[in-house]
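Trainee: I'd like to learn how to read pockets in a structure. Can you walk me through it?

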Amino acid sequence: MISTSMQKSLNEQINKELYSAYLYLSMSAWFDNNNLPGFAKWMHMQAEEEYEHAMKFFGHIADRGGKVELKAIAGPQVDWKSNLEVVEQVLEHEQFVTASINSLYDQALSEKDYPAQVMLQWFIDEQVEEEKNASELVHLVSVLGKNETGLVMLDQRLAQRESD
Ligand code: FEO
């Protein structure tokens with residue numbers, strides 16, 4: 001049986017993951033409007049991954065006889081000044097999620113909640129990957145600057161992203 005405090009924290013994490021999906025969908029729409037379909041696809045797939053993350057927490061609470069409590073999802077930003085601003089925000093957001101996962105792990109350690117520790121280890125690995133991908137994107141977009149040809153090539157590369 002899951003503790004009330006861990007149930008509350010994991011429910012909050014479901015909300016953060018669903019908000020992440022909303023944010024990345026909003027970014028996907030923005031890139032689509034800015035004629036970068038590859039970036040739009042990358043963000044769309046990122047949003048789908050975030051939904052899957054939320055469902056892992058959902059399943060964990062339910063499997064342990066807990067109560068899933070869904071809260072309202074905040075509306076994400078809808079406009080950005082530049083491609084670089086968007087990808088920098090992705091990295092910043094992933095760093096925020098990493099901090100949140102780390103704090104859940106701290107809680108699982110202090111509560112001696114072994115099943116949550118095992119489940120969260122997957123997320124600890126995943127956040128390494130998430131931050132690595134976002135950092136790479138920030139690097140590529142910042143070195144390209146206003147180089148339109150390079151941007152189109154990067155867009156084509158991002159369009160090749162497949163589901164994990
Ligand atoms: Fe669910 Fe991108 O972390």
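Mentor: On a 1 Å grid over the protein atoms alone, a pocket is an open set of points where a 1.4 Å probe fits, with protein on both sides within 12 Å along at least five of seven lines; its lining residues have an atom within 4 Å of a point. Here, the second largest pocket is lined by Ser82, Asn83, Leu84, Val141, Ser142, Gly145, Lys146, Glu148 and Leu151. This is a predicted model, where local features need pLDDT of at least 70 and side-chain atom pairs count only at pLDDT 80 or more, while totals for chains, interfaces and linings use all residues. Residues are numbered from 1 along each chain as its sequence is written, and side-chain values use heavy atoms, leaving out hydrogens and water.

Trainee: Which elements supply at least two residues each to that lining?

Mentor: Helices are DSSP runs (H or I, at least four residues), numbered from the N terminus. For the second largest pocket, they are α3 (83-110), α4 and α5.

Trainee: Which residues lie nearest the centre of the largest pocket?

Mentor: Trp42, Glu129, Asn133, Glu136 and Arg161, out of 16 lining residues. Helix α4 gives the largest share of that lining, eight residues.
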